[in-house]
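Have the structure open as you read.

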Amino acid sequence: MSRFTHASIVRGVIDIPAGLAASQERFNGEAGRAFIAALPHRAADFMSRWSLCLDGPSHYGMCALVLPVLRADGTRAALKLQYLDEETAGEPIALRTWAGEGAVELLKYDTETGTLLLERLDATRALTHEPDTRAATLVIAHLLARLTTVSAPPELHRRLGEVTAAMLERAPAALPRIPDPSDRRLIEDCAAAVREVATEPGDRLLHWDLHYDNVLGAGDGDRGPWLAIDPKPLAGNPGFELFPALDNRFDPDEIRWRFDAMTDVIGVDRARARAWTLGRVLQNTLWSLESDRPPAPDHLEIARRLRTPR
């Protein structure tokens, strides 16, 4: 959640940012348009239901609108109104499991709509603004080390084993659509690496999307200066967690350093982490091909730099 909107208040409800509406249109089509249309009423409903009042400008990402609010007792909080799908449905499960250890704390949750009331972190202090990218990478690594110590609860239905099986099933039909032979061989190598680890997908609680924009300042307290937000959780091997910090704030010459530093801090087997990271490249490539887009050059470069073990 890194974009801000100074939306005006109309009948006690904020206006809908054009950027959020556009992303919902792009990714979710008619269902996304319905989500946007329902947002004013939903915001008003939860402001009333949970006795909240607005306390500043909203901010938004691709799938959610977040309103800074005050609770009836004056406590600062954040109301998150989000599009409910397979990924976001697991967010309250993960946040309850972590219970504020390394991640934002969940205060309330509505199962029907996916609406969350969260502790309010410092949205103006995102890790993406840390000028030292190596220091920022180590923050990510230490957060992942904390988050992945926890076993995924049984009610979390999204599992890396199923994700992997689906990727490997889709790959043979999709990969011939990569026009460049060397790129195609590279992604075939990614699929081969995933096959080597597919039978042991792991059982840790993973964030899945821990990049620098999804780490915010926590303020004072004994939980550390930074906390994770916006998990899209699944159960699996911690090696599957490294890709976002390699791709976000991309620097090809830093790929190896970041990978080595994160595997050291998290304490994961480097060979297995390499295979799972190549699996993330395969996953993103399949999404691109299935949307009639070419593989992302940055993702291909990550695979090139990690394809051969050192």
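Start with a network of salt bridges that links Asp-183, Asp-253, Glu-301, Arg-304 and Arg-305. A salt bridge here is a side-chain nitrogen of Lys or Arg within 4 Å of a carboxyl oxygen of Asp or Glu. One of the links joins Glu-301 to Arg-304, with the closest N and O atoms 3.3 Å apart. Both sit in helix 9 (residues 297–307), three residues apart, or about one turn of the helix. Helices (H or I, at least four residues) and strands (E, at least two) are DSSP runs, numbered from the N terminus. Arg-304 is partly exposed, at 37% relative accessible area; buried means under 20%, exposed over 50% and partly exposed in between, using a 1.4 Å probe and protein chains only.

Before going on, keep in mind that this is a predicted model: local features need pLDDT of at least 70 and side-chain atom pairs count only at pLDDT 80 or more, while totals for chains, interfaces and linings use all residues. Residues are numbered from 1 along each chain as its sequence is written, and side-chain values use heavy atoms, with hydrogens and water left out.

The salt-bridge count comes to 21. Take the one between the side chains of Glu-119 and Arg-223, at 2.6 Å from N to O. This pair ties together distant parts of the chain, 104 residues apart: Glu-119 is in strand 9 (residues 116–119), and Arg-223 is in the loop between strand 12 (215–217) and strand 13 (226–228). Glu-119 is buried, with a relative accessible area of 17%, whereas Arg-223 is partly exposed at 24%.

Now find Asp-260 and Arg-270, whose closest N and O atoms are 3.6 Å apart in another salt bridge. Here the partners are ten residues apart, with Asp-260 in helix 7 (residues 255–266) and Arg-270 in helix 8 (residues 270–290). Asp-260 is buried at 13% relative accessible area, and Arg-270 is partly exposed at 35%.

On to the interior. A nonpolar core is a set of buried Ala, Val, Leu, Ile, Met, Phe, Trp, Tyr and Cys residues joined through side-chain atoms within 4.5 Å. The largest one has 71 residues, and Ile-140 and Leu-282 have the most contacts inside it. Helix 8 gives the most to this core, with eight residues. Which residues does Leu-282 contact, leaving aside neighbours within four places in sequence? Among them are Met-167, Leu-168, Leu-175, Ile-187 and Val-194, contact meaning heavy atoms within 4.5 Å. There is also a second, separate core of 18 residues, including Phe-35, Phe-46, Leu-67 and Leu-117.
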